Amino acid sequence: MEDKGKYYLTTAIAYTSGKPHIGNNYEIVLADSIARFRRKEGYDVFFQTGTDEHGQKIELKAQEAGVTPREFVDNVAGIIQGMCDMLNISYDKFIRTTDDCHEKQVQKIFKRMYAQGDIYKGAYEGMYCTPCESFWTESQLVDGKCPDCGREVKPAREEAYFFRMSKYADRLIRHINEHPEFIQPVSRKNEMMNNFLLPGLQDLCVSRTSFKWGIPVDFDPGHVVYVWLDALTNYITGIGYDAEGGSTEQYKKFWPADLHLIGKDIIRFHTIYWPIFLMALDEPLPKQIFGHPWLLMNSGKMSKSRGNVIYADDLVDFFGVDAVRYYVLHEMPFENDGNATWELIAERVNSDLANTLGNLVNRTISMSNKYFGGVVADKGAVDQALDGDLKAVVTATYGKVKEKMAQLRVADSLTEIFGIFKRCNKYIDETEPWILAKDEAKADRLSTVLYNLVEGICIGASLLEPYMPETAGKIAAQLNTNLRGFDQLETFGLYESGNRVTDQPEILFARLDMKEVEKKDEEMSAAMAAAAGADAGTEASQEGSGERAAQVIDIEPKAEVAYDDFAKMQFQVGEIIACEAVPKSKKLLCSQVRIGSQVKQIVSGIKAHYAPEEMVGKKVMVLVNLKPAKLAGVLSEGMLLCAEDEEGQLALMTPEKAMPAGAEIC
């Protein structure tokens, strides 16, 4: 494979306030698949991840734990790095913002920006959110609470240094307009431009005096550098940037970053604050910033307080590393949020990994041993139509995968790869090796069929390596061959004829007993609920025994939508005329819903809240024109609208007055 030059990839650094859940870990697995793919393409990849370790929230958590902030972050950073290693992440550097070399460079950067006049001293007065470590004006609050996280804010005033954001705003707007690939997906770019840049930027607070756990401003004792100027600069300090002009050769080679991979919730900091900081330092901007969607739990954002958190180590213990990697990569859409439950993961393992892939490899090796003592030989007995179609599908896949990966459509790439395995399974059905084996005169044809299968599997496994490296290696070992470089994947027939496969094929993925999965899910849910209840009890005791506040819930606000987009959705009143539980699912009900003169089948995850018999006869609110999808193998043609309280209890939305089935909701 030709040398294609450098490729510098980063993830957001994980905040060391606690153990990350699988929604947090998704990003590092996504980044790892990209890094591994680029290496196989011939790039000199540098892949950096790490931990963000300063701030008031850390200081408070350390106090609660009875340890020093350093002891607290050392422990959590170890957990985070350990989870990266457990998930087989091929990072080149794990940076910590408490690293001495990082802290010294942040001090230099701050001093340089101050000397240039980009940073000035003032005072901040406003409403402060401790979890987000953000000041807000009254007008920015949503129902009196933090617009980012929905939590309580408190009035605060403190002396602080500020960065003159407006000085660089026009230059950043021009850059974004001139580089359409800079912010991806496009919806994130539009959000940043319309909601933040075009209305005008306020100056940014970049130091704090109300807590101590941060990097000191060395020329003004009492001030520590505010979290975002500290954390964001890790992308350059980690590869040897020096604000005084002594940057390393590594920095000169790898900067600018080719890709910052981050969650959509921190897109503003990375596409507005970070580029402006770089402009102030007269450094090139990263080539691309991709704000990926969230991985949700039962379609809701994971939260310890809600008791709906799934941890990667629990999943790995039950399903295995590559099964978890496959699920999070395959089930995350390019732009919209994905969903994770124990049941959904198990269903995907059984269908894709056990049936499509594992069974294919096992059958092929077993037949090779049964019929030819494990020897795989191309005897040239060709069926032009069947063999030609198989070869065309297999050899065309790398080009399709390469195109998808260039667009960062990782889930689509995996779908293309599994297209090889599905086509091989179909080829078995078409050629019927067990029938060929009954006729001695067709021995050469049988041998050729098995050779074609082994070759197809070998190419598929070589493509699969960036996503499921352990599994790909196991497949190659069982085929007694090596995984191939990408430059060898468009040629069919490179497997050495006469080679011998293993005589003891390993089951790659065993089918899971859904009852065992359900039992595990219930155990973990009970543990999470207990933990959430304990947290809630602690919070209640801290608030005292006074009357509860008004029964309201603040949820995380989503981006504004134009009326034209909203108007595309069709809401109507539906009447449920039949309902039954979905087989082998503990969460889903399948309802037949009359809407006007038609009946739609709608699958909903409400089994824990409604019995099938009590659904019948209800008038409900329905999103009618939602694109049909299969849930647990059952077609769903719309969505029933529900409300959810902070304990996760659901209530169907029903019309206040009697309305006919089909009435428009407007």
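Mentor: We'll go through rings, cores, salt bridges and a sheet.
Mentor: Before that, this is a predicted model, where local features need pLDDT of at least 70, side-chain atom pairs count only at pLDDT 80 or more, and totals for chains, interfaces and linings use all residues. Residues are numbered from 1 along each chain as its sequence is written, and side-chain values use heavy atoms, with hydrogens and water left out.

Trainee: Okay, how many aromatic pairs does the structure hold?
Mentor: There are 29. Rings of Phe, Tyr and Trp (its six-membered ring) pair if their centres lie within 6.5 Å; planes under 30 degrees apart are stacked, over 60 edge-to-face, and the rest tilted.

Trainee: What kind of pair do Phe-37 and Tyr-467 make?
Mentor: A tilted one, because their planes stand at 50 degrees, with the centres 6.5 Å apart. Phe-37 is in helix α1 (residues 22–41) and Tyr-467 in the loop between α17 (443–464) and α18 (469–478), so the pair ties together parts 430 residues apart in sequence. Helices (H or I, at least four residues) and strands (E, at least two) are DSSP runs, numbered from the N terminus.

Trainee: Are those two buried or exposed?
Mentor: Phe-37 and Tyr-467 are both buried. Buried means under 20% relative accessible area, exposed over 50%, and partly exposed in between (1.4 Å probe, protein chains only).

Trainee: And what about Tyr-451 and Tyr-495?
Mentor: Their planes are at 65 degrees and their centres 6.1 Å apart, so that pair is edge-to-face. Both of these tyrosines, Tyr-451 and Tyr-495, are buried too.

Trainee: Switching topic: which residues have the most contacts inside the largest nonpolar core?
Mentor: Leu-9, Ile-34, Phe-47, Phe-319, Tyr-467 and Leu-479, in a core of 99 residues. Helix α17 gives the most to this core, with twelve residues. A nonpolar core is a set of buried Ala, Val, Leu, Ile, Met, Phe, Trp, Tyr and Cys residues joined through side-chain atoms within 4.5 Å. Apart from this core lies another, of 56 residues, among them Met-193 and Tyr-251.

Trainee: Now salt bridges. How many are found?
Mentor: The search of the whole structure finds 33. Each is a side-chain nitrogen of Lys or Arg within 4 Å of a carboxyl oxygen of Asp or Glu.

Trainee: Which residue does Arg-445 meet in a salt bridge?
Mentor: Asp-387, at 2.7 Å, N to O. Arg-445 is in helix α17 and Asp-387 in helix α14 (residues 384–406), 58 residues apart. Arg-445 is buried, at 14% relative accessible area, and Asp-387 is buried at 1%.

Trainee: Where do Glu-506 and Lys-474 lie?
Mentor: Glu-506 is in the loop between β17 and α19 (514–543) and Lys-474 in helix α18, so this pair ties together parts 32 residues apart in sequence. Their side chains meet in a salt bridge of 3.6 Å, N to O. Glu-506 is partly exposed at 38%, and Lys-474 is partly exposed at 28%.

Trainee: Last one: what order do the strands take in the open sheet?
Mentor: The five strands run β20-β19-β18-β21-β24, with antiparallel pairing. Two strands pair if DSSP finds at least two bridges between them. At the edges are β20 (598–604) and β24 (639–640), each pairing on one side only. Strand β21 (residues 619–623) pairs with β24 over two bridges, and Val-622 has Leu-640 in β24 as its bridge partner.
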